[in-house]
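Visitor: I would like to learn how to read a model like this one, feature by feature. Could you walk me through it?

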Amino acid sequence: MKYISGIYGLLKGVIEAMLVFMHHLTGNFGLAIIGVTILMKIILLPLTLKQDKSMKSMKKLQPELDKLKEKYKGDPKMLNQKTMELYQQHKVNPAGGCLPLLVQLPILWALFGVLRGGIVPQDSTFLWMELVKPDPFYILPVLNGVVSFVQQKVMGSSDNPQMKNMMYMFPIMMVFISYKMPAGLQIYWLTSSLAGVIQQYLIMKRGE
């Protein structure tokens with residue numbers, strides 16, 4: 001528990017310092033959050049590239065996985081064993097595609113702590129929003145859901161039968177999860193998702 005608390009404290013301190021620095025540059029905490037988000041996306045780019053590689057590998061293996069499902073449909077234990085053997089044979093980590101998202105969650109948690117910690121004044125505004133309060137018009141939660149759906153499409157989730165349902169469920173979950181979040185967090189998530197769409201598009205163009 002102390003280890004987790006220590007990591008959280010360190011991450012919160014780093015984000016706090018970055019946010020203050022960006023605020024000095026921009027003069028607005030909303031713009032500062034956007035700046036920090038873009039900087040974090042750049043830092044996490046190696047993980048994004050790893051995610052893309054993992055997803056491409058999974059896509060190539062899909063026909064083999066389908067064959068295994070058909071062959072061992074009456075034996076879940078053997079199916080699981082053969083599936084893991086296939087992953088090991090091709091050096092594929094099925095959880096690799098989730099890594100950037102898992103990294104984002106502690107960042108989101110730490111940013112929430114920063115917003116609650118008083119670094120961002122209670123009366124800080126950006127566009128129509130107060131950064132420490134939820135979006136009063138629910139525009140950001142809806143945008144987060146829409147951009148999340150677009151991001152899933154760009155990443156090719158619709159081509160993966162296992163991910164197809166998640167492509168529709170995750171954006172809906174995002175709307176319900178984020179509508180009570182402080183606007184500052186929603187700005188972070190929206191900026192991160194938009195940057196993710198652009199990153200993925202550029203990665204795909206590079207791979208063509």
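Guide: Let us begin with a cut-off: a residue is buried under 20% relative accessible area, exposed over 50%, and partly exposed in between. Val20 has a relative accessible area of 31%, so Val20 is partly exposed. Please keep in mind that this is a predicted model.

Visitor: Where does Val20 lie?

Guide: Val20 belongs to helix α1.

Visitor: Is Met22 buried or exposed?

Guide: Met22 has a relative accessible area of 15%, so Met22 is buried. Met22 is also part of helix α1, which covers residues 2–26.

Visitor: Which residues does Met22 touch, not counting those up to four places away in sequence?

Guide: Met22 touches Gly27, Ala32, Gly35, Val36 and Leu39. A C-alpha separation can be read beside such a list: for Met22 and Ile33, eleven residues apart along the chain, it is 7.7 Å.

Visitor: Let us step back to the whole chain. How many helices and strands does the protein have?

Guide: The protein has eight helices and two strands. Along the sequence, their order is α-α-α-α-α-β-β-α-α-α. Of the 208 residues in the protein, 39% are buried.

Visitor: What share of the contacts with a separation of 6 or more comes from residues 24 or more positions apart?

Guide: Such residues account for 71% of those contacts.

Visitor: How should I read a pair of packed helices?

Guide: Two packed helices are described by the angle between their axes and the distance between the axes. Take α3 (residues 45–71) and α4 (residues 76–89): their axes come within 11 Å and cross at roughly 155°. That angle is why α3 counts as roughly antiparallel to α4, the cut-off for this label being over 145 degrees. The crossing of α3 and α4 is right-handed.

Visitor: Which residues meet where α3 and α4 come together?

Guide: On the α3 side they are Met58, Leu61, Glu64, Leu65, Leu68 and Lys69, and on the α4 side Leu79, Lys82, Thr83, Leu86 and Tyr87. Sorted by class, this contact has seven nonpolar, one polar and three charged residues.

Visitor: Now a record. Where does UniProt place the feature "transmembrane region"?

Guide: The UniProt entry, which is unreviewed, places that feature at residues 31–49, 98–117 and 166–181. A record like this can be set beside the model. Over residues 31–49 the chain is 95% helix and 0% strand, with the end C-alpha atoms 26 Å apart.

Visitor: I would also like to look at a loop residue. Where is Ser124 found?

Guide: Ser124 sits in the loop between α5 (99–116) and β1 (125–126).

Visitor: What is Ser124 in contact with, leaving aside neighbours within four places in sequence?

Guide: The contacts of Ser124 are Phe29, Met129, Glu130 and Leu131. Ser124 and Asn28 are 96 residues apart in sequence, yet their C-alpha atoms are 7.9 Å apart in space.

Visitor: Backbone angles next, please. Which phi value does Leu127 have?

Guide: Leu127 has a positive phi of about 55°, although Leu127 is not a glycine. Leu127 is placed in the loop between β1 and β2 (129–130). Its relative accessible area is 64%, so Leu127 is exposed.

Visitor: And what is the phi of Tyr138?

Guide: Tyr138 is not a glycine either, and its phi is positive at about 60°. Tyr138 is found in the loop between β2 and α6 (139–154). With 46% relative accessibility, Tyr138 counts as partly exposed.

Technical notes
Residues are numbered from 1 along each chain as its sequence is written. This is a predicted model: local features need pLDDT of at least 70, side-chain atom pairs count only at pLDDT 80 or more; totals for chains, interfaces and linings use all residues. Side-chain values use heavy atoms; hydrogens and water are left out. Helices (H or I, at least four residues) and strands (E, at least two) are DSSP runs, numbered from the N terminus. Contact means heavy atoms within 4.5 Å. Axes are lines fitted to C-alpha atoms, for helices over the stretch in contact, and angles run from 0 to 180 degrees between N-to-C directions. Angles under 35 degrees count as roughly parallel, over 145 as roughly antiparallel, 65 to 115 as roughly perpendicular and the rest as oblique. A crossing is left-handed if the near helix is turned anticlockwise from the far one by less than a right angle, and right-handed if clockwise. Ala, Val, Leu, Ile, Met, Phe, Trp, Tyr, Cys and Pro count as nonpolar, Asp, Glu, Lys and Arg as charged, and the others, Gly among them, as polar. UniProt positions are given in the numbering used here, feature names are shortened, and annotations may be inferred rather than shown by experiment. Buried means under 20% relative accessible area, exposed over 50%, partly exposed in between (1.4 Å probe, protein chains only).
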